[in-house]
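Me: I would like to learn how to read the sheet and the cores of a model like this one. Can we take the features one at a time?

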Amino acid sequence: LLFRDGADDHSHVLQVLLYRLGGGESNFHVNFYANQPEFMPLPGHIWSQLVTSALVPCALAVTIALPLLSFQWGAGPALSPREVRAKAGLVLLAFQTLGCVCMATLMMRFVGLAVPHMCLLASLVTSLEPYWVGRGSGRGAPRYRGLLQTSLSAITMGMAWYLCAHVSSTMVPVPKQTLLGVDSSANVRANVMLLRWIKKHTIAGSRVLASMPDSSIIKAGGHASILVHPQYENVGLRSAVLNMSVIYSSRTPRAVHNVLVSSALKPDFVVLNANSCQGRVGTGTPYTEMLDKGLEQYEVANGGNLFG
């Protein structure tokens with residue numbers, strides 16, 4: 001995506017990755033991402049759950065064994081094209097899992113890809129069983145194969161028992177304060193009030209400027225036209241978020257007004273959410289302070305007092 005047409009639309013992804021690797025500079029958009037919980041490094045308690053459930057050890061065992069088994073495959077009888085494709089798929093799965101785990105370590109959002117890949121890889125503990133002791137018919141082979149099958153069955157049953165007995169602890173806890181450190185029930189009440197106000201005071205096609213969470217509510221239940229889309233995946237949308245951020249910054253009301261009327265947004269209505277003014281992002285930084293820092297970085301990079 002980064003090297004196809006529209007590479008500018010996806011450049012922020014590479015910038016965030018470089019920043020997490022310690023080789024990139026922070027700017028408004030990187031700062032906006034890096035302070036969100038889902039884009040922070042994977043917490044230690046989730047790693048502990050993945051290890052305790054035996055998912056990581058099993059996946060690691062298969063990853064270590066695959067290179068060793070590849071030598072056995074090469075030294076044995078010639079493989080059919082179907083077998084070659086199947087074994088190449090196993091190696092590809094191992095590399096995909098390694099990449100997803102590295103990404104999840106840098107940014108928690110990728111754990112949604114890493115865990116399914118690790119589950120697939122860990123399942124090979126049983127499907128690769130014949131290769132652990134070879135295909136020989138020596139006197140000891142059946143005994144060792146039976147012992148191995150018993151051990152693998154015990155591991156599988158142990159993982160299933162652990163997950164069933166500790167299902168509540170292996171799930172990521174949902175905190176009461178879900179959005180910017182604000183009680184979820186207060187968010188629900190605020191969303192209902194917002195929808196009622198939009199339906200009462202706007203007409204079809206009214207241009208409403210709001211934050212991404214508020215814009216998603218307006219888009220889902222209102223007839224107004226939102227200027228900031230709940231997604232963030234092209235240059236135009238990121239520019240709209242940049243201009244929207246001014247309303248939550250420490251700029252003067254006159255400066256905010258000048259930015260809104262001079263930008264391409266030109267809203268009919270502006271939604272200012274008090275919860276956002278008082279909330280904090282994943283790093284504990286106040287939401288407004290994060291935006292102020294990002295706007296200052298943007299002004300320094302583009303040379304000038306652009307927001308008043």
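Me: In what order do the strands of the open sheet lie, and how are they paired?

Reply: This is a predicted model. The order in the open sheet of 3 strands is β4-β3-β5, and the pairing is parallel.

Me: Which strands stand at the edges?

Reply: Those are β4 (225-226) and β5 (269-270). Each has a single partner strand, so one side of each lacks a neighbour in the sheet.

Me: How many bridges join β3 to β5?

Reply: Strand β3, residues 207-209, runs parallel to β5 and is joined to it by 2 bridges. In this pairing V208 is opposite F269 of β5. In the chain as a whole there are 15 helices and 5 strands.

Me: How should I read a nonpolar core?

Reply: In soluble globular proteins, nonpolar side chains tend to be buried together. Here the largest nonpolar core holds 24 residues, and L50, V62, M118, L121 and L124 have the most contacts inside it.

Me: Which elements give two or more residues to this core?

Reply: They are α3 (44-52), α4 (55-75), α5 (81-106), α6 (111-127) and α8 (141-165). Another core, of 22 residues, lies apart from it and includes I247, V259, V281 and L295.

Me: What share of the chain counts as buried?

Reply: Buried residues, those under 20% relative accessible area, make up 34% of the 308 in the chain. The accessible surface of the chain is about 17,800 Å², and carbon and sulfur atoms account for 63% of it.

Me: And what share of the contacts with a separation of 6 or more comes from residues 24 or more positions apart?

Reply: Such residues account for 59% of those contacts in the chain.

Definitions and conventions
Residues numbered from 1 in each chain as written. Predicted model: local features only at pLDDT ≥ 70, side-chain atom pairs only at ≥ 80, totals over all residues. Heavy atoms only, no water. Pairing = 2+ DSSP bridges. Helix = DSSP H or I, 4+ residues; strand = E, 2+ residues; numbered from the N terminus. Core = buried A, V, L, I, M, F, W, Y, C linked by side-chain atoms within 4.5 Å. Buried < 20%, exposed > 50% of the residue type's maximum accessible area, 1.4 Å probe, protein only. Contact = heavy atoms within 4.5 Å. Areas by Shrake-Rupley, 256 points an atom, 1.4 Å probe, with all protein chains shown as cover.
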